[in-house]
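I am opening my notebook to record what I looked up in this structure, one topic at a time. I begin with a look at the whole.

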Amino acid sequence: MLIEIWGKKIWYEVYGAEHSDTLLYLHGGPGASCLDFANQARALGETMKVVIFDQLGVLRSDAIGEHESYGMEYQIEMLEEMRRLLGIDKWSILGHSYGGMLAVLYAYACPSSIRKVILECPSLCFEDSARSTAEYLSGHISSLNDEQAVRLCEKIKSEDYQDKTEAVWDLSNLLSYVTDPELRFYLHNITFEAYQMSMDTSDITDEMWSKGERHLMKLLEAPPASGGSPQNRVRMTDNLLPLLPKITAPILLINGRYDPACTENQITYMMRHTPNLTQAVFENSGHFPRLEEAEKYTITVLRFLEGDAS
């Protein structure tokens, strides 16, 4: 289905439309789409309403124009408009990876719209996640006997980036050297083939996939505003961990034991500074617990959302 927001068509699906309690899924990437959440949306949709969508500039949603402004503040405003158009008073949100960053910002900026927050393998400080991922890939990179790749890996592990966007491009370049797809996608308990089979891409064209590059570029190029609401001063390369203690909604952190993106540093900060946060560790998962331990994931999410909320 398509919903029009400010002249832009956003692709979305609703599962369990007959239910009133609503969960919104925020995909990662940036630019990864909601394709690989459809099976969980179907399972969760037996108990609650689940809304999944491709963010503006991703796959089935409209592309972002070359000269259009776009940033995290625009994403938050679109989420609020989507909520209003769908007739939803309050919903819970579930953000994966970069979507976790978006979920934290949304819950902080619009507390009256949020019931509960679930963060699945969130990356809330990109530079820290990049450094952890370089450590995770070190053995593989060394085995390639490529001096340039080794130097880049060592740079990411040790660099104190003044320009945080450089960390994004360095990690992207490092990942281009990785020849093992399980490592490339931070998988632990499933094969890359199983990951691919978890989503239906039969109607997805190369042109749709190509939109994601501009989506990422626009997020990286967005300048921080000098004033206005708090979300107007946030970029995807910022450290969003300090926002967590300011969120009043109950928070569930889901992390895979072998996920390099949701780092020990970030988890420790979350547990120490966020009193309304509980943690669920998936011992046989990397970056995709919803795929790697799917049944446990469904049960964990439902138990959290069905509990009493303040």
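**Ground rules.** I note that this is a predicted model, in which local features need pLDDT of at least 70 and side-chain atom pairs count only at pLDDT 80 or more, while totals for chains, interfaces and linings use all residues. Residues are numbered from 1 along each chain as its sequence is written, and side-chain values use heavy atoms, with hydrogens and water left out.

**Entry 1: α4 and α6.** I looked up how helix α4 (residues 126-143) packs with helix α6 (residues 164-177), and found an angle of about 25° with the axes 10 Å apart. Helices here are DSSP runs (H or I, at least four residues), strands are runs of E of at least two, and both are numbered from the N terminus. The axes are lines fitted to C-alpha atoms, for helices over the stretch in contact, and the angles run from 0 to 180 degrees between N-to-C directions. The angle makes α4 roughly parallel to α6, a label for angles under 35 degrees, with over 145 called roughly antiparallel, 65 to 115 roughly perpendicular and the rest oblique. I also noted that the crossing of α4 and α6 is left-handed, meaning that the near helix is turned anticlockwise from the far one by less than a right angle, whereas clockwise would be right-handed.

Which residues of α4 and α6 make the contact? On the α4 side I listed F126, E127, A130, T133, A134, L137, H140 and I141, and on the α6 side K164, A167, V168, L171, L174, L175 and Y177, where contact means heavy atoms within 4.5 Å. By class, these residues of α4 and α6 divide into 11 nonpolar, 2 polar and 2 charged (Ala, Val, Leu, Ile, Met, Phe, Trp, Tyr, Cys and Pro count as nonpolar, Asp, Glu, Lys and Arg as charged, and the others, Gly among them, as polar).

I then listed the buried residues of α6, which are T165, A167, V168, D170, L171, L174 and L175. Buried means under 20% relative accessible area, exposed means over 50%, and partly exposed is in between, with a 1.4 Å probe and protein chains only. These buried residues of α6 pack against α4, α5, α7 (181-184) and α9 (206-221).

**Entry 2: α4 and α5.** The axes of α4 and α5 come within 8 Å and cross at roughly 155°, and the two helices are therefore roughly antiparallel to each other. This crossing of α4 and α5 is left-handed. Among the residues in the contact are A130, A134 and I141 of α4, together with V150, C153 and I156 of α5. The contact of α4 with α5 has 7 nonpolar, 2 polar and 3 charged residues.

**Entry 3: salt bridges.** How many salt bridges does a search of the whole structure find? The search finds 14, each a side-chain nitrogen of Lys or Arg within 4 Å of a carboxyl oxygen of Asp or Glu.

- E127 pairs with R131, the closest N and O atoms being 3.2 Å apart, and both lie in α4, 4 residues apart, about one turn of the helix. I noted E127 as buried at 13% relative accessibility and R131 as partly exposed at 26%.
- R151 and E147 meet at 2.9 Å, N to O, and they too are 4 residues apart, in helix α5 (residues 147-158). E147 is exposed, with a relative accessible area of 58%.
- K155 and E166 meet at 2.6 Å, N to O, and this pair links distant parts of the chain, with K155 in α5 and E166 in α6, 11 residues apart.

As a reminder to myself, an α-helix has 3.6 residues a turn, so residues three or four places apart point the same way.

**Entry 4: L291.** Is L291 buried or exposed? At 15% relative accessibility L291 counts as buried, and I found it in helix α11 (residues 289-292). Not counting residues up to four places away in sequence, L291 touches D36, I190, Y195 and S198. The C-alpha atoms of L291 and S198 are separated by 7.6 Å, although the two residues are 93 residues apart along the chain.

**Entry 5: backbone details.** Most residues other than glycine have a negative phi, and most peptide bonds are trans.

- A cis peptide bond joins G29 and P30, with omega about -5°, and P30 sits in the loop between β3 (22-26) and α1 (38-44).
- S97 has a positive phi of about 55°, lies in the loop between β5 (91-96) and α3 (98-109), and is buried at 11%.
- Y186 has a phi near 60°, lies in the loop between α7 and α8 (192-197), and counts as buried at 10% relative accessibility.
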